[in-house]
Amino acid sequence: MKRYSLFVQLVVYIAVAMLFLLGIVGAVYYHTSSTVIRETTENSTRNTISQGGQFVQSYLEKLKETTNSLARNELVKTYAEESTIINEMNLRTLFDTVLSTDRDLVSAVLVTKSGYLVATDEATSMKTSSDMMKEPWYQAAIQEGAMPVLTPARQNLSESSDKWVVSITQEVVDTKGDNLAVIRLDIAYDTLSRYLDSLQLGANGFTFIINHNHEFVYHPQKSVFSSSQEMKALEPYILAENGYVNQGASYVYQYQISQSDWVMIGVASMENLHQLQGQIMMSFVGTGLLALGICFLGIWFILRHWIKPLRDLQETILAIGNGDASLRAREEGAPELVDLAYRFNCMLDQIDKLMRAVKEEEQNVRKYELQALSSQINPHFLYNTLDTIVWMAEFNNSKKVVDVTKSLAKYFRLALNQGNEQISLKDEIDHVRQYLFIQKQRYGKKLTFEIEEDARFDEFQLPKLVLQPLVENAIYHGIKEIKGQGLVRVSVEEQGSFLVVSIYDNGRGFTVHDTMENLLVKLGGVGLKNVNQRLRLQFGEQYKMLIDSKENSHTLISLFFPKNETF
């Protein structure tokens, strides 16, 4: 499973949290805005319809006052009582005057109880009789008790006119309250339509007026007055009273016009609301994404700045793990990170102290190990040498006794090395030279030796008594076993970055097919193995010993010392 960095995880988590929070805020904002806009639209619709209803109401009140004034006018009553030509002329003059004062008045008609008709439009025709009390519409006006009667919009009674009007009728009575006539004013739609059509109810909104019988009094499309199908289509708006229809696509508000049986119904289309909601959503999404992008960039840089001390600490830990123990973490950033870096540095300092203590302890242990290993060198050489001196003394060879004794003394002086475990290469080779000289006195012509030194490396430091066991091994396990003259050669040379000390003998040799540890045991037992261990302890993994041998031919042991080691 792929593991992501802390920085990536923090960025992802914060981005997801911001998206979630933005979604919640967006939903709340969208719901709140939609609710506010919807309430605003509803209030605006109600105010608009209320203002329109008040306008119609004031408009009708003015027309009612005009009708009432005519119904109480003496000229009207005079003609109703005495339908003479003079009275008719006076009445027509009155009608013309009234119509001229209000351009919305289309015509005025007076029908007496006896069936006399006076109309401003000569083309007006209507059914009359000598007893108008038998006419239904005449009876309807009388039954209202001298109050204005609002009738549905219908075609003007004038045969030559196709205008749609609203007719207001009023009973004319005498001083006793008895019926004399009925007067009617026909009102054009012009002013009413212009005002009601100008109401702002959305792109598809409209206003219409009905009476208590659900008959149209006003509609912007006049063709609906004679269409039952249109009336049926508008039933949902009529029955809704105040609320939403068409699945919220339209909002309906009804206003009862006082002193009449008219109801003004406003239908506000909500497509602007939906469009506005869509614009709000788009603007919020756009603004939200822009804000999210800006915040994301800001968080990106802030987190990079905040995470940087952690990355530096990580790099420091890796560098320390790779061996650079001198590095320390930078104490910077947030207080928690500063404290973390400080604690980490304190831990490193404590580790350094422990490491120094462990190293010092290891050095002491190595020193004791070297001393212990050097003390394991086989002492049989001393016994053999003393035996040789005794043998020389018995044959009265005093000069050789002196020479061997001096060589033995120098041999031990170099071996002791004033108590120091380290010795220069020059003294170590001199120690080998004394050993070979003593051994030659014992083996005579059977043993010859050569020593090739390099003055440049005379002061090279190495543990004492490491070459003598190898030379001893060459004599006892190589030359001693052959019949002819034996040769031991000790040489010093430089090979690249190594100082190579080689011990060669032309002894019986052997076939190299075993591990180094087993070869050392076979060649020289514990002494040779101890030499290898001592050298590895001092020079580390760079040191190496190579053995080259051939049966009945030779043996070559080469010690490779790294030149960069100084002691």
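User: Which residue of β16 stands opposite Q495?

Analyst: In this predicted model, where local features need pLDDT of at least 70, side-chain atom pairs count only at pLDDT 80 or more, and totals for chains, interfaces and linings use all residues, the residue opposite Q495 is F498 in β16. Residues are numbered from 1 along each chain as its sequence is written, and side-chain values use heavy atoms, with hydrogens and water left out.

User: What makes β15 and β16 a pair of strands?

Analyst: Strands, which are DSSP runs of E with at least two residues, numbered from the N terminus, pair if DSSP finds at least two bridges between them. Eight bridges join β15 (residues 486–495) to β16 (residues 498–505), so the two strands meet that condition, and they run antiparallel. R489 has Y504 as its bridge partner in β16, and the two strands form a hairpin with two residues between them, where G496 in the turn has a positive phi of about 65°.

User: How do you know that β13 and β15 pair, and in which direction do they run?

Analyst: Six bridges join β13 to β15, against the required two, so they count as paired, and they run parallel. L447, for instance, stands opposite G486 in β15.

User: Why are β13 and β17 said to stand at the edges?

Analyst: The open sheet has five strands in the order β13-β15-β16-β18-β17, with mixed pairing. Both β13 (447–452) and β17 (544–550) have a single partner strand, so one side of each is left without a neighbour in the sheet. Neighbouring strands here are turned by 15° against each other on average, direction ignored, the angles being taken between lines fitted to C-alpha atoms, on a scale from 0 to 180 degrees.

User: Why is N179 called buried?

Analyst: Buried means under 20% relative accessible area with a 1.4 Å probe and protein chains only, over 50% being exposed and values in between partly exposed; N179 has 9%, and therefore counts as buried. N179 lies in strand β6 (residues 179–188), and its contacts (heavy atoms within 4.5 Å), leaving aside neighbours within four places in sequence, include K113, M133, Y138 and E171. The side chain of N179 also reaches the backbone oxygen of A181 at 3.5 Å.

User: Which residues have the most contacts inside the largest nonpolar core?

Analyst: They are V56 and L110, in a core of 50 residues, where a nonpolar core is a set of buried Ala, Val, Leu, Ile, Met, Phe, Trp, Tyr and Cys residues joined through side-chain atoms within 4.5 Å. Helix α1 (residues 6–72), a DSSP run of H or I with at least four residues, gives the most to this core, with seven residues.

Definitions and conventions
Polar contact = N/O pair within 3.5 Å; in protein donor to acceptor, adjacent residues only side chain to side chain.
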